[in-house]
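Let us work through this structure by question and answer. Have the sequence and the model open.

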Amino acid sequence: MYVNHPAAVARAEFKPGQLQRFTELGLRIPAPLVTNDVVTARDFTERHPSVVCKTFRGLPPGEDGRAGAIWTQRVHADDFDDSLSVTAHLFQAEVPKVGDARVTVVGRRVFAQRITAPCGALDWRRGDWDDLVHSPLTVPPVVETALHGYLAASGLVFGCFDFALTGDGLSPDDWWAIECNPNGQWGWLPDAPAITEAFADILSTEGTVSS
């Protein structure tokens, strides 16, 4: 049995489409650029104080069967050469975040944790997850409404949303939408038992999921 239909998951993993839908729902996003043109990429980095590059999806499994990953990283105009033209890249202006938020939505239930990485790491996924500091977080109502709208429009029941926080999180303006993983991990979160219960409630409700 599954909660999210596999076809819906495949469609929802396209990050440029996610960003477009976020803006349509009123969420703030860091200024984006998708390009394989060196001149355009250089111009973008020169117009913003700091720019990051992100992958569209994870790497395929290697010979050891483990999937690889390319972490979010800062880039500069002089980093680009003709190899950029091989494929499209996703660039975004870096926001001056003070922390991150992982919001797990299961049906109508919302679980949010503020994540603080040691030494203010750009991408908290890169280091030892045991060193991460978690604290419960309240999602502003307007942001929560947008998340439910996103899942409904995407044909999803569950999603793990990542945000960059530029304040204490009380104001919607503190929340910058980064992405939604429609098949994200959540067992490592402090509220994993409650998330498990939310999944169990959905899976035990006839007609909510398919097998």
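**Around helix H2**

What covers the buried residues of H2 includes helix H1 (6-12), strand S1 (32-35), strand S4 (89-93), helix H4 (141-154), strand S8 (158-165) and strand S9 (175-181). This is a predicted model: local features need pLDDT of at least 70, side-chain atom pairs count only at pLDDT 80 or more, and totals for chains, interfaces and linings use all residues. Residues are numbered from 1 along each chain as its sequence is written, and side-chain values use heavy atoms, without hydrogens and water.

Me: Which residues are buried in helix H2?
Reply: Buried means under 20% relative accessible area (exposed is over 50%, partly exposed in between; 1.4 Å probe, protein chains only). Helices are DSSP runs (H or I, at least four residues), as are strands (E, at least two), numbered from the N terminus. In H2, residues 15-24, the buried ones are Lys15, Pro16, Gln18, Leu19 and Phe22.

Me: Within what arc do the buried residues of H2 fall?
Reply: The arc is that of the directions from the helix axis to the C-beta atoms. The buried residues line one face of H2, because seen down its axis they fall within an arc of 155 degrees.

Me: How many residues apart in sequence are Phe22 and Phe161?
Reply: Rings of Phe, Tyr and Trp (its six-membered ring) pair if their centres lie within 6.5 Å; planes under 30 degrees apart are stacked, over 60 edge-to-face, the rest tilted. Phe22 and Phe161 form a tilted pair, 6.4 Å centre to centre, with 50 degrees between the planes. Phe22 lies in H2 and Phe161 in S8, so the pair ties together parts 139 residues apart in sequence.

Note on methods:
Contact = heavy atoms within 4.5 Å.
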